[in-house]
Amino acid sequence: MKKIVAIFKNKDVRERILFTLMMFLVFRIGSNITVPGVELTSSLGDTDVLSLMNLLGGGALQNFSVFALGVSPYITSSIIVELLSKDVLPALTELSKQGQSGRKKIEMATRYLTLVLGAVQAYGIIVTMQNSEVIAFTEELTFWVYAKIILYLLAGSMLVMWMADQITEKGVGNGVSMIIFAGIVSALPSQIISATSYYFLNELVTEKSRIIAGALKLGLYLVTLVLIIVFVTFIEKSIRKIPVQHSGTGGALNAKVNNTSFLPMKINSAGVIPVIFGSSIMMAPAVIISFAVENYTSNETITNVLNIFNQAALTEMKWFDGSTWYMPWGLIIYVFLIFVFSFFYSNLTINPEQLAEDFQKSGSYIPGVRPGNETHRYVKRVLNRVTLLGATALTIIAAFPVVLTLLEIVPSSLALGGTGMIIVVGVSSETYKQIEGLIAADTHASAVA
């Protein structure tokens, strides 16, 4: 309670919070303005290939609003540029080593790439949602109609990026993360209301004697939601501490040790990046085919092939005797991609080789481990063991709502997604730390004055 009072007493923090809330309000208003020339004909499924994009767009895609793209193209561009700057593209690698000026040039390149990817992504979304009969057009489709709608979506995405920059500069938290956070949190009340209607009110209307059964189902649903939040919080907060000592004479192992600290290694150091990568790859075949084949949904062969890349669908298989069975190939591919990308991105984020070099240069070392190659191997071994736990947990969290839907335990509209919870927990934690830092800095400045 004292910390809450301290937050509202601090003028700078109070103004930052109010500014962030104003940006949230503008974003929510824009998220409900449907793109001109388009009307919604059905709701967007919660576990199809567009679900993650709707999540990253702060829920704006389900209304096909002017903010439908959200920050998704920027996130994808950032990931691609970051990967290319890891000794893949020499020019970007060189820029990443040039300090502030290099980072500005990389950021500009990221924004240009965002425009290109945003245009491709916008066209893919239009075609996919049209073929899924989620949207319909109020005028005859021509090249210029497509170009106009893509332009609307790109303009909305650029505006959302500007709002995110303003939140980072004048508000609290990371702007991109806060935009996504706002969309996820805003959807929670409606999901709980839908669950209440589905599990409780429907039972009450159908047969009053089943009111207890409906209440129990609703209670179990809410308890499961809380348990998911607890599990995600536990995973996000779990770290493996590697003790690190800093010698007082530039790295000699026999020097007097004047400081001891820890190298924190998160269980899930990759965050939700593997889920984004996995979902992007799963959606890629549909986007590519939409460019090459017109009205591909009427082609049964293409539809069956694309069904394999739909994590929320079962693929019909045939035995030798002619009987049929079903296999969740989409879910299997999805889980495999998340698992592989978890290891890939964790090793990019925490580069053991670079870490070993930095330790040697700064005179730091891990007790009992020789500097250089041995430190490199030790950190890599620990990282892979930790990532195994993190990748398993992330896979369970991402696959959980899909499994519930495939088993028909809950409808897709009520699927309990853990991916959104990872973002909510992570953003909440980082924002709270920033607010604490601002209050501490202000307190220190007042004491000095």
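Student: Quick one. What is the relative accessibility of Asp-165, and how does it count?

Tutor: Asp-165 has 31% relative accessibility and counts as partly exposed. That class sits between buried, under 20% relative accessible area, and exposed, over 50% (1.4 Å probe, protein chains only). This is a predicted model: local features need pLDDT of at least 70, side-chain atom pairs count only at pLDDT 80 or more, and totals for chains, interfaces and linings use all residues. Residues are numbered from 1 along each chain as its sequence is written, and side-chain values use heavy atoms, leaving out hydrogens and water.

Student: Fine. Which residue forms a salt bridge with Asp-165?

Tutor: Arg-111 does, with the closest N and O atoms 2.8 Å apart. A salt bridge here is a side-chain nitrogen of Lys or Arg within 4 Å of a carboxyl oxygen of Asp or Glu.

Student: Where do Asp-165 and Arg-111 lie in the chain?

Tutor: In distant parts of it. Asp-165 is in helix 7 (residues 143-170) and Arg-111 is in helix 6, 54 residues apart. Helices are DSSP runs (H or I, at least four residues), strands likewise (E, at least two), numbered from the N terminus.

Student: And what is the relative accessible area of Arg-111?

Tutor: It is 24%, so Arg-111 is partly exposed too.

Student: Which residues are linked with Arg-111 in a network of salt bridges?

Tutor: Glu-107 and Asp-165. Together with Arg-111 they form the network.

Student: How many salt bridges does the structure hold?

Tutor: Five. One of them joins the side chains of Asp-12 and Arg-16 at 3.5 Å, N to O. Both residues lie in helix 2 (residues 11-31), four residues apart, which is about one turn of the helix.

Student: What about Glu-139, which side chain does it meet?

Tutor: Lys-148, in a salt bridge of 3.0 Å, N to O. Glu-139 is partly exposed at 34% relative accessibility, and Lys-148 is partly exposed at 30%.

Student: Back to helix 6. At what angle do helix 4 and helix 6 pack?

Tutor: About 125°, with the axes 8 Å apart. Helix 4 covers residues 72-84 and helix 6 covers residues 99-131. Axes are lines fitted to C-alpha atoms over the stretch in contact, and angles run from 0 to 180 degrees between N-to-C directions.

Student: Which residues make the contact?

Tutor: From helix 4, they include Pro-73, Tyr-74, Ile-80 and Val-81. From helix 6, they include Ile-106, Glu-107, Leu-113 and Leu-117. Contact means heavy atoms within 4.5 Å. Glu-107 also belongs to the salt-bridge network with Arg-111 and Asp-165.

Student: New topic: Ile-338. Buried or exposed?

Tutor: Buried, at 1% relative accessibility. Ile-338 lies in helix 12 (residues 329-349).

Student: What does Ile-338 touch?

Tutor: Leaving aside residues up to four places away in sequence, Ile-338 touches Pro-274, Val-275, Leu-394, Thr-395 and Ala-398. Pro-274 is 64 residues away from Ile-338 in sequence, yet their C-alpha atoms are 5.0 Å apart.

Student: Now the whole protein. How many helices and strands?

Tutor: There are 15 helices and seven strands. Of the 449 residues, 44% are buried. Among contacts with a separation of 6 or more, 70% come from residues 24 or more positions apart.
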